[in-house]
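The structure is shown first.

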Amino acid sequence: MSVPCPIGRAAGLLGERWTLLILRNANLGTTRFDAFRAELGIAENILSNRLARLVEAGVLMRVPYHDGGRTRQEYRLTTAGAEVLPVLHALAVWGEEHTKPAEPTGSMQVIHQRCGQVTTPGRVCDGCGELVRREEEAWVRPWLSPDPIILASPVTTGT
C-alpha cells in the first residue's frame with residue numbers, strides 16, 4: 001500500500017539504514033558491489049537488499065560489465081538517484097551544525113569547479129554567485145582525502 005504523503009513515501013525508501021550512505025557513494029562515483037561493501041563496511045546481504053530496492057524504485061540502474069570471462073552488474077545513478085543530491089546537501093549542513101565526529105577532522109567541503117571556490121551546499125556558489133550545476137560540483141572529504149571528487153553523472157535510459 002502506497003502512503004499518500006510524499007514525505008512518508010520518500011522516508012519509506014530513503015529512511016532505511018544504509019540507503020542514504022549508498023546513495024552518497026553512488027553520487028561520488030561508486031558503482032560496484034565490492035566497492036560499496038568495502039567503502040561502507042556493510043554486510044553483503046544488507047547491501048544486496050538495499051541495492052535491489054533502489055533498482056526496483058528506479059533510483060539506481062543495473063548496468064552489465066565484463067569482469068574477465070563473466071558478466072557482472074554495476075549500479076549507476078538514474079535521474080531520480082541524482083536528484084537525491086539536495087537531501088544529501090541538507091544532511092551535510094545539518095550534520096556539520098548539530099553533530100560532532102569522534103575525532104577532530106576537517107569539514108566536508110563543496111567546491112564549485114568552475115570558479116574553484118568552496119561554497120555552501122546548494123544551488124548558488126557563495127564565491128561567484130553562479131548556479132552550481134551538478135557536473136561543476138566536487139566534494140572534499142578531508143578525513144578520507146584532500147582531493148576533490150567530482151559527482152557522478154546519472155545514466156540516460158533513452159526514455
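## Packing of α2 and α6

Helices α2 and α6 pack at an angle of about 110°, with their axes 11 Å apart; axes are lines fitted to C-alpha atoms over the stretch in contact, and angles run from 0 to 180 degrees between N-to-C directions. That angle makes α2 roughly perpendicular to α6 (65 to 115 degrees). On the α2 side, Leu20, Leu23, Arg24 and Asn27 meet Val87, Leu88 and Leu91 of α6, a contact being heavy atoms within 4.5 Å.

## Basis of the model

The model is predicted: local features need pLDDT of at least 70, side-chain atom pairs count only at pLDDT 80 or more, and totals for chains, interfaces and linings use all residues. Residues are numbered from 1 along each chain as its sequence is written, and side-chain values use heavy atoms, with hydrogens and water left out.

## Nonpolar core

The largest nonpolar core has 26 residues, and Ile22, Leu23, Phe36, Leu51 and Leu60 have the most contacts inside it. Such a core joins buried Ala, Val, Leu, Ile, Met, Phe, Trp, Tyr and Cys residues through side-chain atoms within 4.5 Å. Helix α4 gives the most to this core, with 4 residues.

Phe36 touches residues including Ile22, Leu47, Leu51 and Tyr75, not counting residues up to four places away in sequence.

## Thr19

Thr19 lies in helix α2. Thr19 counts as buried because its relative accessibility is 1%, the limit being under 20% relative accessible area with a 1.4 Å probe and protein chains only. Beyond residues up to four places away in sequence, Thr19 touches Leu13, Leu14, Arg50 and Leu54.

Conventions:
Buried means under 20% relative accessible area, exposed over 50%, partly exposed in between (1.4 Å probe, protein chains only). Helices (H or I, at least four residues) and strands (E, at least two) are DSSP runs, numbered from the N terminus. Angles under 35 degrees count as roughly parallel, over 145 as roughly antiparallel, 65 to 115 as roughly perpendicular and the rest as oblique.
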